[in-house]
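Have the viewer open and follow along.

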Amino acid sequence: MIFDFFERPWVYSLPWTDITASTTVESILCLAAYILAILFALSIHEFGHAFVAYKCGDSTAKLSGRMTINPIKHIDPLGGIMLILVGFGWAKPVPVNFYNLNNQKRDTILVSLAGIFMNLISAFICTLLYMLLGAFVPAETLVNSNFLYLLIYLLYFFLFFSTLIHISLALFNILPLYPLDGFRVLEGFCSYGNRFVEFLRRYSFILFIAIIVLSYLPIFEPFTWYISTFSNLLLRLFTGFWGLFGL
């Protein structure tokens, strides 16, 4: 993943010019924007869990210093490196004591959905911001100032990548596989000892491996198809909504 920033010119073009991100400086800025987008998307996701857990009665995450969007508090070094290198990784899970929640069954679902909704809300806002940036930044201002051009370039791609990463994280975490958020949501709706839930708890790791292996075989890439299909759908919905306001 990371090597794509240098092995080929970027296909993305800024909305103000016909210039593509093909120079070394622009490639480095794209890479920096991508890494920053990952750090903050993961942090916002984990903050969502911590905040809703606190509001529902459990202060474990807050007392652990995890109710923050500071990336340093949330990033797992190996998971972050994997996400940057291959596009698949993880953050440190927020500690939640589900027995402290006011209504254990209901609040478990709310806490589990919180990170997903935070990512979707953030993607919705980032879509607006990068569309505003593209629509209202005067082209002549960028032409006359190389520093301003590079600054706007970095900001634009940070917002652009943030939108995509927020959506991808939401779609990934809603999968009903242990220990993802989707599994907790499914578990919350099912009765204790449900056989399907227990099956997923026991065999989700094997399912993960199977999905990853299939993604590298030239047959069918279920994970890639799922993420790309629904990411494009959500992106079209967000851009279409803001397009109603002339953006």
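What follows starts with helix packing and then turns to a pocket.

Keep in mind that this is a predicted model, where local features need pLDDT of at least 70, side-chain atom pairs count only at pLDDT 80 or more, and totals for chains, interfaces and linings use all residues. Residues are numbered from 1 along each chain as its sequence is written, and side-chain values use heavy atoms, with hydrogens and water left out.

Two packed helices are described by the angle between their axes and the distance between the axes. Here, axes are lines fitted to C-alpha atoms, for helices over the stretch in contact, and angles run from 0 to 180 degrees between N-to-C directions. Helices are DSSP runs (H or I, at least four residues), numbered from the N terminus.

Start with α8 (residues 146-173) and α11 (residues 222-243): their axes come within 9 Å and cross at roughly 125°. That makes α8 oblique to α11; angles under 35 degrees count as roughly parallel, over 145 as roughly antiparallel, 65 to 115 as roughly perpendicular and the rest as oblique. On the α8 side, the contact (heavy atoms within 4.5 Å) includes T163, L164 and I167, and on the α11 side F223, Y226 and I227 are among the residues involved. Sorted by class, this contact has eleven nonpolar, three polar and no charged residues. Ala, Val, Leu, Ile, Met, Phe, Trp, Tyr, Cys and Pro count as nonpolar, Asp, Glu, Lys and Arg as charged, and the others, Gly among them, as polar.

Now look at α6 (104-136) and α9 (181-189). They pack at an angle of about 155°, with their axes 8 Å apart, and that makes α6 roughly antiparallel to α9.

A pocket is an open set of points on a 1 Å grid over the protein atoms alone, where a 1.4 Å probe fits, with protein on both sides within 12 Å along at least five of seven lines; lining residues have an atom within 4 Å of a point. Which residues lie nearest its centre? They are A91, P93, N173, P179 and L180, out of 26 lining residues. The lining divides into 18 nonpolar, five polar and three charged.

P179 sits in the loop between α8 and α9, and a cis peptide bond joins Y178 to P179, with omega about 5°.

Methods: Helices (H or I, at least four residues) and strands (E, at least two) are DSSP runs, numbered from the N terminus.
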